[in-house]
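Trainee: I would like to go through this structure term by term, asking what lies behind each label.
Mentor: Go ahead.

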Amino acid sequence: MKLESALRPPAGGPGPGGAGRSPEEPEPSAEKRFLRHGMMPHMLCPGCGHGIVFEAMLRALAGRYESLDEVAFVAGIGCSSRVVGYVDACTLHTTHGRPLTFATGLKLARPELTVVVVTGDGDGLSIGGNHLIHAARRNVDLTCVLFNNEIYGMTGGQLAPTTITGAYTSTSPAGNAESPFDAARLVEAAGATFVARAQSYRPRDFEELFLRALDHKGFSFVEVMTDCTEYFGRTNRLGNGADLLFSQARMEPEIDADLAGRPTLKQLAAKPVRPVLEMGVLHESNRGTLEEAMHLLGARS
Ligand SMILES: Cc1ncc(C[n+]2csc(CCOP(=O)(O)OP(=O)(O)O)c2C)c(N)n1
Ligand code: SF4
Ligand SMILES: [Mg+2]
């Protein structure tokens, strides 16, 4: 499970962590330790909320692990899923909608690994929705982080099962007539034993919830609300990345006051906007995992 050295910053050379850093250069931030520097520049659009969430994940991991050699990241297809390509861990970039099936196989074969699935609302709830409910039902000891930007970002901004009613997308030019899934409640009803929701607006809260999910034994699910500036934001004229971030925090008096002064969001009430969702840990319980039921634990080490 060792990683290709080509993807690491050259030892003693330039780049974060390189011993050749001159004394004037600032210390590299902890989260940069786990970046695959050879994969830069990344493909995310300016202002995309996925970058904020990914950085928060790296920061949380850097606070906990010296090395990610025992941590595996599994992702499907989408801008959100793509971020696992930038983490210097064991990574599997799988087929669209199937990261949980690959991750289940990996966990059953190597129960000692910490397995994290990164998926999007399209990847995890459309094509992969069936796999999501069954992973929750089986209570496999995995952590699944679902980046919910309410749209298919990677393929041109199509309607997702999370798109809010009335929102414009490339496949709902007259406004979405459907109702969105509440991903967290869906997964809880399917049997997940840890369910939480966070926002890219509050990345520190996300870090804490992500670490709690990693600590949990059984299927843990963190839905993180994030923004696609390029499609959801632009198509619905919701402003730039910062405007979208602020709009996640509506209903807080100081944020509402700030929003009122922003020209792009003055008409907020007239636009399709996100409902105010409950954040934090939404459900926590304990029951046997699939690995326990199959007597896999302790069988290998
Ligand atoms: C079998 C299959 N069907 C469709 C696609 C096209 N496709 C790639 S990513 C994607 C949607 C991704 O949406 P989401 O998971 O929400 O990720 P985002 O880009 O929004 O982060 C689709 C439909 C594909 N790659 N494979
Ligand atoms: S298309 Fe949307 S989700 Fe994809 S990188 Fe750009 S802003 Fe982010
Ligand atoms: Mg999406």
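Mentor: Start with the word "near": a residue is near a molecule or strand if its C-beta atom, placed from the backbone, lies within 6 Å of it. By that rule ligand 2 is surrounded by Leu44, Cys45, Cys48, His50, Cys79, Asn149, Gly153, Met154, Cys228, Thr229, Glu230 and Tyr231. This is a predicted model, in which local features need pLDDT of at least 70 and side-chain atom pairs count only at pLDDT 80 or more, while totals for chains, interfaces and linings use all residues. Residues are numbered from 1 along each chain as its sequence is written, and chains are lettered from A and ligands numbered from 1 in the order in which they are written.

Trainee: What is the pLDDT average of the protein chain?
Mentor: pLDDT is the predictor's confidence in each residue, from 0 to 100. The protein chain averages 86, and 82% of the residues score at least 70. Over residues 1-20 the value stays under 50.

Trainee: How do the residues around ligand 2 divide by class?
Mentor: Ala, Val, Leu, Ile, Met, Phe, Trp, Tyr, Cys and Pro count as nonpolar, Asp, Glu, Lys and Arg as charged, and the others, Gly among them, as polar. The shell around ligand 2 then has seven nonpolar, four polar and one charged.

Trainee: Why is proline 203 called buried?
Mentor: A residue is buried if 20 or more other C-beta atoms, placed from the backbone, lie within 10 Å of its own, exposed if 12 or fewer, and partly exposed in between. Proline 203 has 21 C-beta neighbours inside 10 Å, so it counts as buried. Arginine 185, in helix α6 (residues 183-190), has 15 such neighbours and therefore counts as partly exposed.

Trainee: What is proline 203 in contact with, beyond four places in sequence?
Mentor: Contact requires C-beta atoms, placed from the backbone, within 7 Å. Proline 203 is in contact with Ile52, Val53 and Ala56.

Trainee: How do you know that the span of α7 agrees with expectation?
Mentor: The expected span of a helix is 1.5 Å times one less than its number of residues. The 13 residues of helix α7 (residues 203-215) should therefore span 18 Å, and the end C-alpha atoms are 18 Å apart, which agrees. Buried residues in α7 include Phe206, Leu209 and Phe210. Among the elements covering the buried residues of α7 are α1 (49-64) and β4 (143-148).

Trainee: At what angle do α3 and α5 cross?
Mentor: Axes are lines fitted to C-alpha atoms, for helices over the stretch in contact, and angles run from 0 to 180 degrees between N-to-C directions. The axes of helix α3 (residues 99-109) and helix α5 (residues 129-138) cross at roughly 35 degrees and come within 8 Å. Leu100, Thr101 and Thr104 in α3 meet His131, Leu132 and Ala135 in α5. That contact has three nonpolar, three polar and no charged residues.

Note on methods: Helix = DSSP H or I, 4+ residues; strand = E, 2+ residues; numbered from the N terminus. Contact = placed C-beta atoms within 7 Å.
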